[in-house]
Amino acid sequence: MSIPPNEKQTIEIEKSNKKKYMMEKLSGRVFLFCALLSVISLVLIIGFVFYKGFHPFLAEGYNFIAFLFGVDWVPSEDKFGIFPMIVASIFATAGALIIGVPVGLFTAIFLAEIAPKRLAKIISPAVQLLAGIPSVLYGVFGLAVIVPFLQNNLGLAKGQSLLAVILVLAIMMLPTVVTVSETAIRAVPKAYREGSLALGVSEIGTIFKVVVPAAKSGILTAVVLGMGRAIGETMAVILVAGNSLIIPTSLTDSVRPLTTNIALEMGYAAGTHQEMLFATGIVLFSFILLLNFVLAKVASKGGN
């Protein structure tokens, strides 16, 4: 008995729909697995770091406040104070922002609003290429070029200093600040520019009074991401910081930021010394968590 053409077509459609639904369910489960894997990995990493880092304070009686505000880091004498490193990290990040954000923002404005398209097509990929350079090469560049320059021109006995760290970090954050800011500026509707120009505002006035304020959410995101890159950098900083355990009082002082301290000593640390390095990681993680919180707030206000 032959199946009528209409019924045959209906059966084929049902089979096709079943395959489609099966693929959708399978895809959903794959995506769920990937999401859970990411969350579980994050929880395991955070749990391990916090367990190791809080152990000396909970089980061995060390004072966390003394750890944060102590000025002596001498593991052999059971002294663990990271205040000089916290100050060095904050100063280095703030200095890098003061230099890197204006340069990056003006570069993004030039590429998005002023530069001829041919020139922008050359400069934009070149800036993005900076993001692909390994961080240790930035450190080598700083050690070979920036450190001798500072040493010779500022009359320093040692060019490895807070100023060298700031300059290297400012260069390293440029790709992030430029790329994200440029994308945000290009996303501003043309009607904003046309309306401003029609009212008689100059091109530069339109850029700074209309376009940049309209793109402020994306620009702030670029700043926060650049700050995260600066505060979490390690290898480049090790080569140019000098790694002295003092509270910096000038730009020419040798410093040791939080990340550098962990990288330098984790290889041979053991026992309480190692756990205190994990505690240093908790402090650094808290800084990054705060930055992510700020980023989430900025992103939630997109368009405002």
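**Entry 1: cavity lining**

I sorted the lining of the largest cavity by class and got seven nonpolar, three polar and one charged residues. For the classes I counted Ala, Val, Leu, Ile, Met, Phe, Trp, Tyr, Cys and Pro as nonpolar, Asp, Glu, Lys and Arg as charged, and the others, Gly among them, as polar. The model is predicted: local features need pLDDT of at least 70, side-chain atom pairs count only at pLDDT 80 or more, and totals for chains, interfaces and linings use all residues. Residues are numbered from 1 along each chain as its sequence is written, and side-chain values use heavy atoms, with hydrogens and water left out.

I took a cavity as a set of points, on a 1 Å grid over the protein atoms alone, where a 1.4 Å probe fits but cannot get out; lining residues have an atom within 4 Å of a point. I found one cavity of 30 Å³ or more. The largest cavity holds about 50 Å³ of space, where a volume is the space filled by probe spheres set on the points, joined across faces, edges and corners. Its lining includes Ser-89, Val-165, Leu-169, Glu-233 and Thr-259. Helix α3 gives the largest share of this lining, three residues. Helices are DSSP runs (H or I, at least four residues), as are strands (E, at least two), numbered from the N terminus.

Buried means under 20% relative accessible area, exposed over 50%, and partly exposed in between (1.4 Å probe, protein chains only).

**Entry 2: aromatic pairs**

I counted 11 aromatic pairs. Rings of Phe, Tyr and Trp (its six-membered ring) pair if their centres lie within 6.5 Å; planes under 30 degrees apart are stacked, over 60 edge-to-face and the rest tilted. Phe-48 and Phe-278 pair edge-to-face, at 5.4 Å centre to centre and 90 degrees between the planes. Phe-48 lies in α1 and Phe-278 in α12, so the pair ties together parts 230 residues apart in sequence. Phe-48 is partly exposed at 47%, whereas Phe-278 is buried at 16%. I also noted one aromatic cluster that includes Phe-50, Phe-57 and Phe-285.

Technical notes. On a 1 Å grid over the protein atoms alone, a cavity is a set of points where a 1.4 Å probe fits but cannot get out, and a pocket is an open set with protein on both sides within 12 Å along at least five of seven lines; lining residues have an atom within 4 Å of a point.
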